[in-house]
Amino acid sequence: MSRKRIRDIRNEELIEATIIAVHERGYGVVTMAEIAREAGASAASINYYFGSKEGLMEATMRHLLSKLRKAMTEGYATARTPRERLYAVMDANFADTLYTVPQCSIWMQFWANAPYSPRLSRLHRINRARVRSHVLAELRTVLPEDQVETARQALQCYMDGVWLQAAQSESALNPAAARAAAHRVVDLVIP
């Protein structure tokens with residue numbers, strides 16, 4: 001088993017502090033000093049590790065995207081049918097490790113700021129394309145071609161809508177209930 005480097009541990013601490021601080025204050029107004037205070041660090045250490053607030057946001061989103069990718073890979077490992085693979089896509093988006101109010105909040109704020117930053121916009125495009133590709137691949141095997149795009153939009157809009165509601169929630173989320181509801185949406189979309 002490999003040991004974590006101090007730098008990696010510190011990066012994770014700063015990313016977790018970013019998630020909390022951005023959720024509580026908002027990306028547009030949170031300062032590096034507030035994020036540093038949340039992490040028990042200095043703003044200079046954030047600059048050292050990430051270069052800027054935008055660099056920190058990019059690293060935070062990469063961290064969340066890696067959680068999504070890991071959950072997707074785990075779900076695909078056991079999925080055998082197109083329906084099960086669609087369930088896996090939905091389940092990954094509502095994974096226990098990802099579907100929390102602070103993480104949904106920062107995710108929504110990230111998407112809102114992505115059009116104004118080439119670095120963040122690139123991550124947004126990559127993620128949307130990956131989800132789109134996974135969903136389309138499965139829908140094409142079970143639906144007539146003229147229904148595929150509408151079904152894809154319905155599933156992606158459902159996920160986005162649930163995440164938006166979650167970001168505005170004042171109580172803890174229930175990932176298991178979210179996954180069960182997402183399965184019902186898949187079942188509505190495909191025969």
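Q: Is W111 buried or exposed?
A: In this predicted model, W111 has a relative accessibility of 16%, and because buried means under 20%, W111 counts as buried.

Q: Which ring does W111 pair with, and how are the two arranged?
A: W111 forms an aromatic pair with W107, with 5.4 Å from centre to centre and 80° between the planes, and this arrangement is edge-to-face. W107 is buried as well, with a relative accessible area of 5%.

Q: How far apart are W107 and W111 along their helix?
A: They are four residues apart in helix α6, which covers residues 101-113, so about one helical turn separates them. As background, an α-helix has 3.6 residues a turn, so residues three or four places apart point the same way.

Q: What about α6 as a whole, how many of its residues are buried?
A: In α6, 10 of the 13 residues are buried, so the helix is largely enclosed by the rest of the structure. Among the buried ones are V101, C104, I106, M108 and F110. From its first C-alpha to its last, α6 reaches 18 Å, close to the 18 Å expected at 1.5 Å a residue.

Q: Back to the rings, how many aromatic pairs are there in the whole structure?
A: A search of the whole structure finds seven aromatic pairs. In one of them, the ring centres of F94 and Y99 are 5.1 Å apart and the planes stand at 90°, so that pair is edge-to-face. F94 is buried, with a relative accessible area of 0%, and Y99 counts as buried at 7% relative accessibility.

Q: Which residues do the ring pairs link into a cluster?
A: The cluster made by ring pairs contains F94, Y99, W107, F110, W111 and W163. If we leave aside the neighbours of W163 within four places in sequence, its contacts include F94, Y99 and W107, along with others such as N93 and Q103.

Q: And the nonpolar core, how many residues does the largest one have?
A: The largest nonpolar core has 59 residues, and those with the most contacts inside it are I46, F94, Y99, W107, L139, L155 and W163. Helix α4, residues 53-78, gives the largest share of this core, with nine residues. In general, nonpolar side chains tend to be buried together in soluble globular proteins.

Q: What is the span of α4, then?
A: Helix α4 has 26 residues and reaches 39 Å from its first C-alpha to its last, close to the 38 Å expected at 1.5 Å a residue. At the start of α4, a side-chain oxygen of S52 comes to within 3.4 Å of the backbone nitrogen of E54.

Q: Where does the charged end of K53 sit?
A: The charged end of K53 sits over the ring of Y27, 4.7 Å from the centre of that ring.

Q: New topic: which residues is V22 in contact with, leaving aside its neighbours within four places in sequence?
A: On that basis, V22 is in contact with Y27, V30, I106 and Q109. V22 lies in helix α1, residues 6-25, and counts as buried at 1% relative accessibility.

Q: Last one: what does the side chain of R179 reach?
A: The side chain of R179 reaches the backbone oxygen of F94 at 2.8 Å. R179 is found in helix α9, residues 175-189, and, leaving aside its neighbours within four places in sequence, R179 is in contact with D91, F94, A95 and D96. R179 and Y87 are 92 residues apart in sequence, yet their C-alpha atoms are 8.2 Å apart in space.

Key:
Residues are numbered from 1 along each chain as its sequence is written. This is a predicted model: local features need pLDDT of at least 70, side-chain atom pairs count only at pLDDT 80 or more; totals for chains, interfaces and linings use all residues. Side-chain values use heavy atoms; hydrogens and water are left out. A nonpolar core is a set of buried Ala, Val, Leu, Ile, Met, Phe, Trp, Tyr and Cys residues joined through side-chain atoms within 4.5 Å. Buried means under 20% relative accessible area, exposed over 50%, partly exposed in between (1.4 Å probe, protein chains only). Helices (H or I, at least four residues) and strands (E, at least two) are DSSP runs, numbered from the N terminus. Contact means heavy atoms within 4.5 Å. The expected span of a helix is 1.5 Å times one less than its number of residues. A polar contact is a pair of N or O atoms within 3.5 Å; within protein, one must be able to donate a hydrogen and the other to accept it, and residues adjacent in sequence count only if both atoms are side-chain atoms. Rings of Phe, Tyr and Trp (its six-membered ring) pair if their centres lie within 6.5 Å; planes under 30 degrees apart count as stacked, over 60 as edge-to-face and the rest as tilted. A charge sits over a ring if NZ of Lys or CZ of Arg is within 6 Å of the ring centre and within 35 degrees of the ring normal.
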